[in-house]
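Trainee: I have the model open. Could we work through some side-chain pairs, a helix contact and a few backbone details?

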Amino acid sequence: MTNELVIATDLGGTHLRAAAIDRSGRIYERIKLSTPNKGPAEELVNALVQAAETLRLETKDKGIIKALSVAVPGSVNFKEGSISQAPNLPFLNDFRLADAIKERLSVPIILENDANAAAIGEMWQGAAQNYKTLLCLTLGTGVGGGIVLDGEVWRGLDGMAAEIGHLIIEPEGHPCGCGSRGCLEVYASATAIVRMARELLPNYSDSLLSKVDKITAEEVYNCGIHGDALSLEVFKKMGYYLGIGLTSLINLFNPEMIVIGGGVADGWEMFINHAYEQIRTRAFKIPAKRVQVVPAKCGDDAGILGAAYLAFQ
Ligand SMILES: [Zn+2]
């Protein structure tokens with residue numbers, strides 16, 4: 001029997017990652033290139049098609065390519081194969097990406113939101129294997145969310161569901177890019193870590209962070225590892241707000257598992273107990289006891305693995 005492969009791609013604002021993957025989740029070949037993030041959409045279609053053609057050539061002895069899937073940083077109309085809104089790649093707004101690729105590669109094309117794809121990737125090959133009702137949070141530049149109920153992604157009527165990053169956790173809080181204020185994203189993303197460190201810096205004149213050239217989330221993490229009081233305070237604050245957000249999610253969904261990934265999750269030991277404290281004191285006892293809150297396992301591959309899984313469906 002011929003081995004069936006799919007090409008799964010993860011379209012980031014900076015990097016475009018693509019891989020040929022088989023039905024068992026084995027990754028054969030992979031490509032990483034810069035995303036043509038200035039547009040126009042045709043440039044991006046060219047890059048995706050080229051990546052797919054290269055992978056097809058490199059894996060021609062290993063199997064036959066059955067489909068191509070794309071994890072997109074934005075809202076996707078799954079049925080139409082179009083992108084409704086992509087804040088970091090605005091030239092893709094209302095673009096029918098699936099049709100545009102299909103004209104060039106005659107295989108089925110599947111689009112999915114990147115955070116949904118990451119949730120599926122973790123369910124298929126990562127931290128949530130054998131779990132069917134789970135939530136996935138990706139704490140990166142922003143905060144992405146994916147909801148899987150009984151093994152199915154919940155996309156909402158317009159493909160706009162699972163915006164966990166925009167749960168409001170501080171009504172009069174910091175303004176968010178979405179137009180609201182006090183969203184989880186402005187307290188639990190890498191961007192938020194940097195902002196909160198800058199805000200608190202005047203109170204901690206002897207902080208290790210006062211000596212770095214440029215405060216990044218990674219620097220806050222590194223200084224935290226060395227016991228820097230300011231950095232630990234930032235992660236405490238972040239954990240507090242994350243815990244409030246998780247409490248609402250636990251009360252709302254009664255999930256088996258909440259998987260937390262993205263770069264900020266590296267600071268796990270510094271924030272998770274502060275989050276647990278909020279869950280312990282605020283959430284309903286039965287779902288709080290049921291849920292497992294765990295770090296993601298697939299790393300940067302979660303999106304391509306989830307996209308591959310969908311392509312095999
Ligand atoms: Zn928001």
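Trainee: Is Lys-66 buried, partly exposed or exposed?
Mentor: This is a predicted model, and the accessibility here is computed from it. The relative accessible area of Lys-66 is 39%. Buried needs under 20% and exposed needs over 50%, so Lys-66 is partly exposed.

Trainee: Which residue meets the side chain of Lys-66 in a salt bridge?
Mentor: The cut-off is 4 Å between a side-chain nitrogen of Lys or Arg and a carboxyl oxygen of Asp or Glu. Here the N to O distance is 3.9 Å.

Trainee: How many residues apart are Glu-4 and Lys-66?
Mentor: Glu-4 sits in strand E1, residues 4-11. Lys-66 sits in strand E4, residues 64-72. The pair links distant parts of the chain, and the separation is 62 residues.

Trainee: Which residues are joined with Glu-4 into one network?
Mentor: The network comes from salt bridges that share partners. Besides Glu-4, the residues joined are Arg-23 and Lys-66.

Trainee: How many salt bridges does the count come to?
Mentor: The rule is the 4 Å cut-off between nitrogen and carboxyl oxygen. By that rule the count is ten.

Trainee: Which residue forms a salt bridge with Arg-17?
Mentor: The closest N and O atoms are 2.8 Å apart. Arg-17 lies in strand E2, and its partner lies in the loop between strand E12 and helix H10, 284 residues apart. Both residues of the pair are buried. The partner is Asp-301.

Trainee: Where do Glu-199 and Arg-195 lie?
Mentor: Their side chains meet in a salt bridge, 2.9 Å from N to O. The two residues are four apart, about one turn of the helix. Both lie in helix H5.

Trainee: At what angle do H5 and H7 pack?
Mentor: Two packed helices are described by the angle between their axes and the distance between the axes. For H5 and H7 the axes are 9 Å apart. The angle is about 125°.

Trainee: What does that angle make H5 relative to H7?
Mentor: Roughly perpendicular ends at 115 degrees, and roughly antiparallel starts over 145. The crossing itself is right-handed. The angle makes H5 oblique to H7.

Trainee: How do the residues of the contact of H5 with H7 divide?
Mentor: From H5, the contact includes Ile-193, Met-196 and Glu-199. From H7, it includes Leu-230, Phe-235 and Lys-237. The division is eight nonpolar, no polar and three charged.

Trainee: Is the peptide bond from Gly-39 to Pro-40 cis or trans?
Mentor: Pro-40 lies in the loop between strand E3 and helix H1. Omega of the bond is near -5°. The bond is cis.

Trainee: What is phi of Asp-94?
Mentor: Asp-94 lies in the loop between strand E6 and helix H2. It is exposed, at 64% relative accessible area. Phi is positive although the residue is not a glycine, at about 65°.

Trainee: Where is Asp-150 found?
Mentor: Asp-150 also has a positive phi, near 50°. At 65% relative accessibility, Asp-150 counts as exposed. It is found in the loop between strand E9 and strand E10.

How values were computed
Residues numbered from 1 in each chain as written. Predicted model: local features only at pLDDT ≥ 70, side-chain atom pairs only at ≥ 80, totals over all residues. Heavy atoms only, no water. Buried < 20%, exposed > 50% of the residue type's maximum accessible area, 1.4 Å probe, protein only. Axes fitted to C-alpha atoms, helices over the stretch in contact; angles between N-to-C directions. Parallel < 35°, antiparallel > 145°, perpendicular 65-115°, else oblique. Left-handed = near helix turned anticlockwise from the far one by under 90°. Contact = heavy atoms within 4.5 Å. Nonpolar A, V, L, I, M, F, W, Y, C, P; charged D, E, K, R; others polar.
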